[in-house]
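Trainee: I would like to go through this model with you and ask, at each step, what the wording rests on.

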Amino acid sequence: ILFQIFDAFKPRLHDSNSKVTQVALEAMHKMIPLLKDNLSPVINMLIPAIVDNNLNSKNPGIYAAATNVIQALCQHLDTSLLLQPFCTKAQFLSGRAKQDLTEKLA
């Protein structure tokens with residue numbers, strides 16, 4: 001059921017309406033402490049949706065919400081779950097997003 005929920009939720013993380021994206025990221029930030037390591041089955045699907053476009057967003061609200069989500073993931077999930085998806089994303093990012101993710105990896 002977790003896959004069904006996040007399959008429906010994931011498109012909101014990169015919606016064409018920036019307000020929808022920001023609210024989705026803020027909701028994700030609230031969900032992470034509640035779900036914690038239960039997110040492990042969907043983490044490989046979520047990290048690209050969270051990182052792509054959002055960490056390089058020129059919209060300060062979206063950027064802040066995305067960095068808050070990344071921070072919450074690092075605080076509440078087993079970091080071994082995050083290592084591979086963060087490394088994979090960091091290889092292909094550019095700009096501020098690459099810098100932010102590389103700092104989290106370090």
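Trainee: What makes you say which residues methionine 28 is in contact with, once its neighbours within four places in sequence are left aside?
Mentor: The model is a predicted one, and in it methionine 28 is in contact with Phe6, Phe9, Leu39, Leu46, Ile50 and Val69, with neighbours within four places in sequence left aside; contact means heavy atoms within 4.5 Å, so each of these residues has to meet that cut-off.

Trainee: Which residues have the most contacts inside the largest nonpolar core?
Mentor: They are Met28, Ile50 and Leu73, in a core of 32 residues. Helix H1 (2-9), helix H2 (18-35), helix H3 (43-51), helix H4 (60-76), helix H5 (79-92) and helix H6 (95-105) each give two or more residues to this core, and the largest share, eight residues, comes from H4.

Trainee: How do you know what the secondary structure of the chain comes to?
Mentor: The chain has six helices and zero strands, and from the N terminus on its elements run α-α-α-α-α-α.

Trainee: Why is the chain called as compact as a globular protein of that length?
Mentor: Its radius of gyration is 13 Å, close to the 13 Å that the globule rule gives for 106 residues, and the chain is therefore as compact as a globular protein of that length.

Trainee: What share of the residues of the chain count as buried?
Mentor: Of the 106 residues, 36% count as buried, and because buried means under 20% relative accessible area, this is the share that falls below that cut-off.

Technical notes. Residues are numbered from 1 along each chain as its sequence is written. This is a predicted model: local features need pLDDT of at least 70, side-chain atom pairs count only at pLDDT 80 or more; totals for chains, interfaces and linings use all residues. Side-chain values use heavy atoms; hydrogens and water are left out. Helices (H or I, at least four residues) and strands (E, at least two) are DSSP runs, numbered from the N terminus. The radius of gyration is taken over C-alpha atoms; the globule rule is 2.2 Å times the number of residues to the power 0.38. Buried means under 20% relative accessible area, exposed over 50%, partly exposed in between (1.4 Å probe, protein chains only). A nonpolar core is a set of buried Ala, Val, Leu, Ile, Met, Phe, Trp, Tyr and Cys residues joined through side-chain atoms within 4.5 Å.
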